[in-house]
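Here is a short report on one protein model. Look through the structure first, then read on.

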Amino acid sequence: MCANVVLADDDPKQADLIRLYLEREGHSVEVVHDGRAALEQIRRRMPDLVVLDWMMPRVDGLDVCRVLRRESDVPVLMLTARAEEDDLLLALDLGADDYMTKPCSPRELVARVRTLLRRAGQVAASGAGAELPGPTIGTALRPAEPVHAVGSLVVDPGRFEIRVEGRLVDCTPGEFRVLEVLASAPGRVFTRKQILEHLHGIDRYVTTRTVDGHVMNLRRKIERDPARPERLLTVYGVGYKAAAPQAGAEPDDAAGPRAQ
């Protein structure tokens, strides 16, 4: 099995090392060293996954990710030397599916790539170097899954849509998967580990910070006041839950106790 991967990193030595590890895994890898070349190569190659360095000349990784999310749902693994929480949240908010800080282990990176491809269902069965476009994340979702309605919040896996009071909410694939699992059982508390298993499958290389980042971004998009969430609640020391609608309550009053 192999996948088509575009690797964008302005450090030639690091890029070559990552390329070697990915090729050993059976992937076909195209390496570029600046953001503009990355966009050109991604549009031409239609890859199954992008490994994207944050700091690059001409166009940085964040701008590349922003443009990609207007055009494609291709999984993006962001690499950066910046390790602050705000940087993590910014990368996730712009549409990155995962995030690694430098210096990073090539073996761990390969494991994360494997996980992202497995989640998206985009590992190609063709030979190395085949340039066949894989399905987007949206089309890879199972259309037979039921629609989840929690008050005025509707999560539709078949259409890959989230609506709040009829308004379509723009979200990343990672955010959609988090909300999908929470909305599937309103009132039930899911641990971060359980949510990660839904996101990525069981994989020891994924961290809970990804879940926290997705929840924070979702609250900004679906809550009236993200600082006082009513739909996505934290159960301290355990995890998160979607507030179950109260019998006889109006949709927007169905959130239960407020939590941060």
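Two residues are in contact when heavy atoms lie within 4.5 Å. With that cut-off, take the contacts between residues at least 6 apart in sequence: 60% of them join residues at least 24 apart. Keep in mind that this is a predicted model.

**The whole protein**

The secondary structure consists of nine helices and twelve strands. The protein has 260 residues, and 51% of them are buried. Aromatic pairs number zero.

**The start of the chain**

Which elements make up the β-α-β unit? Strand 1, helix 1 (residues 12–24) and strand 2 do, and the unit is right-handed. Strand 1 covers residues 4–8 and strand 2 covers residues 28–32. The two strands run parallel and are joined by five bridges. In one of these pairings, Ala 8 of strand 1 has Val 32 as its bridge partner in strand 2.

Val 29 also belongs to strand 2. Is Val 29 buried or exposed? Its relative accessibility is 11%, so Val 29 counts as buried; the limit for buried is under 20%. Val 29 touches Val 5, Leu 7, Arg 19, Leu 22, Glu 23 and Arg 45, leaving aside residues up to four places away in sequence. Val 5 is 24 residues from Val 29 along the chain, yet their C-alpha atoms are 4.8 Å apart.

In general, strands of a sheet pair through backbone hydrogen bonds, in a parallel or an antiparallel way. Here, three strands form an open sheet in the order 10-12-11, with antiparallel pairing. Strand 10 (190–191) and strand 11 (232–235) stand at the edges. Each has a single partner strand, so one side of each is left without a neighbour in the sheet. Strand 12 (residues 239–242) is joined to strand 10 by two bridges. Phe 190 has Tyr 240 in strand 12 as its bridge partner.

| Residue | Relative accessible area | Class |
|---|---|---|
| Glu 175 | 0% | buried |
| Val 29 | 11% | buried |
| Met 46 | 45% | partly exposed |
| Asp 86 | 59% | exposed |

Glu 175 is part of helix 7 (residues 173–183). What does Glu 175 touch, not counting residues up to four places away in sequence? Its contacts are Leu 92, Asp 93, His 214, Asn 217, Leu 218 and Lys 221.

Asp 86 sits in helix 4 (residues 85–93). At 59% relative accessibility, Asp 86 counts as exposed, because the class begins over 50%. Gly 213 is 127 residues from Asp 86 along the chain, and their C-alpha atoms are separated by 9.3 Å.

**Two loop residues**

Met 46 lies in the loop between helix 2 (35–45) and strand 3 (49–53). Its phi is near 50°, a positive value in a residue other than glycine. Glu 165 is placed in the loop between strand 8 (161–164) and strand 9 (167–169). Glu 165 is not a glycine either, but has a positive phi of about 55°.

Notes
Residues are numbered from 1 along each chain as its sequence is written. This is a predicted model: local features need pLDDT of at least 70, side-chain atom pairs count only at pLDDT 80 or more; totals for chains, interfaces and linings use all residues. Side-chain values use heavy atoms; hydrogens and water are left out. Two strands pair if DSSP finds at least two bridges between them. Helices (H or I, at least four residues) and strands (E, at least two) are DSSP runs, numbered from the N terminus. A crossover is right-handed if, with the strands pointing away from the viewer, the path from the first strand over the helix to the second runs clockwise. Buried means under 20% relative accessible area, exposed over 50%, partly exposed in between (1.4 Å probe, protein chains only). Rings of Phe, Tyr and Trp (its six-membered ring) pair if their centres lie within 6.5 Å; planes under 30 degrees apart count as stacked, over 60 as edge-to-face and the rest as tilted.
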